[in-house]
Amino acid sequence: MLLPDPMSAPSPQLLVAAAQQTLGMGKRRGPPRPVCLHLAGEVLAVAQGLKPALLYDCNGAGASELQCYLEELQGLGFLTKGLHILEIGGNSLIVRPEHVCRHLEQVLLGTIAFVDVSSSQPHPSVRSLDQLQGLKSIIAELITHLQGLQRDLSLAVSCSRLHCSDWNLCTVFGILLGYPVTYTFHLNQGDDNCLALIPLRVFTARISWLLGQPPALLYSFSVPESLFPALRDVLNTWEKDLRSRCKTQNDFADLTISSETVTLPAVAL
């Protein structure tokens, strides 16, 4: 297994300290050690283009704390330049604008699938981008915003905010996080969905990066088992692309993609 030279990568202790000192300011406790190491792995995966974005949801830290955290990692020699914090609907995502722009441009070409899980439906159904009113314009707005950032990137970590009063954030975040299949539903029907007691195939992608530490979780998403045959080509293309991108870098190794089927009494999106 080829992994980074431990003499050239920050020690786990330094990575944990960077997160706990910057994300645990004031009365807020810093994330526990396993979360700190997993977060560092996810950040590095974004920097290396293995995933378009990560959504920070650990302990309520905001964009300013995340900015301090990323700058602390840069001070350790851990990151390349160009990472950006994008605030959408009170949520903070860490992105590398040029990578996520390329991903969004591919989404507009139809590379991912959408599954409508609106509560008014008896069962989930596959939808195309053309069938989802307004979603193309949201993706175009994201691309325009991110392209503007690329012209003004420096070594410093930058931040920006997008207003999204009428966006389906479940769908938008699924796109930004790089899921090959993203759930969508009618906003006027609330947060309910038709996934209760529906068998779901949960896909998990993990990759090794620090010697002696658990693999980093790159992706975790689900698709209704009944729709798996219809989505197989999209999923196979996603896996092939991810394996290809993994071969272009040296920080991670041993990508594994697994799946299991689960049935839950309720599913929160």
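**Helix packing and a loop serine in a predicted model**

Q: At what angle do helix 1 and helix 2 pack?
A: In this predicted model, helix 1 (residues 12-23) and helix 2 (residues 33-47) have axes 9 Å apart. Helices (H or I, at least four residues) and strands (E, at least two) are DSSP runs, numbered from the N terminus. Axes are lines fitted to C-alpha atoms, for helices over the stretch in contact, and angles run from 0 to 180 degrees between N-to-C directions. The packing angle is about 100°.

Q: Is helix 1 roughly parallel or roughly perpendicular to helix 2?
A: Angles under 35 degrees count as roughly parallel, over 145 as roughly antiparallel, 65 to 115 as roughly perpendicular and the rest as oblique. The angle here is about 100°. Helix 1 is therefore, relative to helix 2, roughly perpendicular.

Q: How do the residues of the contact of helix 1 with helix 2 divide?
A: Contact means heavy atoms within 4.5 Å; Pro12, Leu15, Val16, Ala19, Gln20 and Leu23 of helix 1 meet Arg33, Cys36, Leu37, Leu39 and Ala40 of helix 2. Ala, Val, Leu, Ile, Met, Phe, Trp, Tyr, Cys and Pro count as nonpolar, Asp, Glu, Lys and Arg as charged, and the others, Gly among them, as polar. The division is nine nonpolar, one polar and one charged.

Q: Which residues of helix 2 and helix 3 meet?
A: The axes of helix 2 and helix 3 come within 12 Å and cross at roughly 80°. By class, their contact has seven nonpolar, no polar and no charged residues. From helix 2 come Cys36, Leu39, Ala40 and Val43, and from helix 3 Tyr69, Leu70 and Leu73.

Q: Within what arc do the buried residues of helix 3 fall?
A: Buried means under 20% relative accessible area, exposed over 50%, partly exposed in between (1.4 Å probe, protein chains only). In helix 3 the buried residues are Ala63, Glu65, Leu66, Tyr69, Leu70 and Leu73. They line one face of the helix, because seen down its axis (by the directions from the helix axis to the C-beta atoms) they fall within an arc of 160°.

Q: Is Ser120 buried or exposed?
A: Ser120 lies in the loop between strand 4 (113-116) and strand 5 (125-127). Leaving aside its neighbours within four places in sequence, Ser120 is in contact with His186 and Gln189. At 51% relative accessibility, Ser120 counts as exposed.

Q: Which pLDDT do side-chain atom pairs need to count?
A: Residues are numbered from 1 along each chain as its sequence is written, and side-chain values use heavy atoms, with hydrogens and water left out. Local features need pLDDT of at least 70, totals for chains, interfaces and linings use all residues, and side-chain atom pairs count only at pLDDT 80 or more.
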